[in-house]
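Dear colleague,

I am handing over a structure that may be new to you, and I would be glad if you could look through it alongside the notes that follow.

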Amino acid sequence: MRGLYIHVPFCRQKCLYCAFYRVIPGNRFQMETYLRVLDMELSEAEGIRFDTIYVGGGTPNILKERLLEMFLDSVHRHVELSEDYEWTVEMNPELVDLDSLEMMKSWGVNRLSLGVQSIYDEELRMFGRLHRKETVLRKLELIRKVGFDNVSVDLIFGSPWKGPDMWRRELEEVASWEVEHISTYHLTIEEGTSFHAMGIRNPDDEVMERMYILRDEVLSRYGFERYEISNYARKGFESRHNLIYWMHQEYRGFGPSAHSFVKPNIRYSNVPDLERYIEDYEGNRDYEYLTGEQLLLERIFLGIRTRWGVHVGDIDISGLEEFVELKDGVIRLTDRGVLLADRIAVEIFHRMMGSHRSPD
Ligand code: SF4
């Protein structure tokens with residue numbers, strides 16, 4: 001399996017929690033210039049067959065009409081896809097429109113990921129989002145009308161404005177929209193974001209734990225299975241693109257700030273700066289050659305997040321039984337382990353390397 005990621009770095013506004021690389025477009029010419037450079041960069045994808053494309057950002061559906069056509073045309077000219085490919089485009093609800101949906105469908109996009117984040121208008125306002133719940137409902141109807149049958153919804157939990165009861169009601173409502181996939185992201189307040197500067201903090205650990213438990217309870221009741229720490233899908237609708245990351249398969253990233261991983265051990269990233277990307281996308285790349293230890297740590301970190309777990313062989317898990325189970329050399333997180341996944345991954349790594357450290 002091999003995936004291709006494209007970063008569209010434009011947003012109409014900057015959400016207050018966001019740490020992704022994005023800019024508010026100066027004018028149409030800037031977007032056209034980006035698309036021309038992206039077209040050149042995408043020629044590097046020629047000769048490789050991809051199983052998935054994921055268009056993220058930023059806000060990919062800020063591209064409309066001729067700009068959208070230029071984008072789709074570039075992908076078509078340079079990217080060869082396997083027969084049963086998955087091609088996802090991230091969308092901000094307020095920018096969903098019939099013409100763009102129809103154009104995307106006719107060019108082969110077959111999965112949409114809708115950045116809903118919350119069904120509570122007050123919370124959306126606090127996040128700095130431009131849409132409201134009513135917008136989402138209208139746009140979902142449009143998406144179905146155009147014939148998209150693989151739709152994912154993103155939600156955020158862990159803000160000070162949504163306690164466990166509101167979170168339960170939100171999950172129940174979104175699950176009843178009958179989408180195929182739900183991603184639930186724990187709000188991380190990263191340095192450099194407006195939320196961090198404003199002193200916004202997550203609820204305490206006990207509340208967060210209740211919210212994690214509620215998530216499993218509600219979504220499983222509606223027929224969703226958790227297949228990765230943050231992701232739930234109806235049977236057969238797991239995100240194949242994200243599985244490529246978690247299974248440590250190869251992926252190539254295009255556009256400013258995009259990352260690539262080429263086997264056996266090369267990771268490189270494009271500069272997170274639109275001007276410098278346009279000036280010289282190739283010369284401004286950062287390359288890293290991962291050591292065996294780094295590769296192992298990454299493989300554990302990513303693989304342990306999935307319900308399939310990660311092969312670690314016959315290691316000693318004493319003291320960790322509450323958090324992981326080990327069967328036939330494959331280690332998986334228990335429901336309790338999900339809450340401590342990163343710390344457990346580090347502990348497993350140290351045990352595999354022969355140095356024990358306890359997960360405090
Ligand atoms: S729309 Fe998405 S990428 Fe843009 S600022 Fe908001 S969260 Fe970040």
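In which loop is Ser239 found? In this predicted model, Ser239 lies in the loop that runs between strand 8 (231-233) and helix 9 (240-246). Ser239 counts as buried, because its relative accessibility is 1%, and buried means under 20%. The side chain of Ser239 reaches the backbone nitrogen of Asn242 at 3.1 Å, and, leaving aside residues up to four places away in sequence, Ser239 touches Glu86, Arg111, His181 and Tyr227.

The ligand is the next place to look. The residues that surround the ligand include Cys11, Cys15, Cys18, Arg22, Asn92 and Arg129, and the shell around the ligand as a whole divides into 4 nonpolar, 5 polar and 3 charged residues. Of the cysteines named here, Cys11 is buried, with a relative accessible area of 9%, and Cys18 is buried as well, with a relative accessible area of 14%. A search of the whole structure for disulfides finds 0.

Finally, there is an open sheet of 3 strands, in which the order is 13-15-14 and the pairing is antiparallel. Its edge strands are strand 13 (310-311) and strand 14 (324-327), each of which pairs on one side only. Strand 14 pairs with strand 15 (residues 330-333) in the antiparallel sense over 4 bridges, and Glu325 stands opposite Arg332 in strand 15.

With kind regards

Definitions and conventions
Residues are numbered from 1 along each chain as its sequence is written. This is a predicted model: local features need pLDDT of at least 70, side-chain atom pairs count only at pLDDT 80 or more; totals for chains, interfaces and linings use all residues. Side-chain values use heavy atoms; hydrogens and water are left out. A disulfide is a pair of cysteine sulfur atoms within 2.5 Å. Buried means under 20% relative accessible area, exposed over 50%, partly exposed in between (1.4 Å probe, protein chains only). Two strands pair if DSSP finds at least two bridges between them. Helices (H or I, at least four residues) and strands (E, at least two) are DSSP runs, numbered from the N terminus. A residue is near a molecule or strand if one of its heavy atoms lies within 4 Å of it. Ala, Val, Leu, Ile, Met, Phe, Trp, Tyr, Cys and Pro count as nonpolar, Asp, Glu, Lys and Arg as charged, and the others, Gly among them, as polar. A polar contact is a pair of N or O atoms within 3.5 Å; within protein, one must be able to donate a hydrogen and the other to accept it, and residues adjacent in sequence count only if both atoms are side-chain atoms. Contact means heavy atoms within 4.5 Å.
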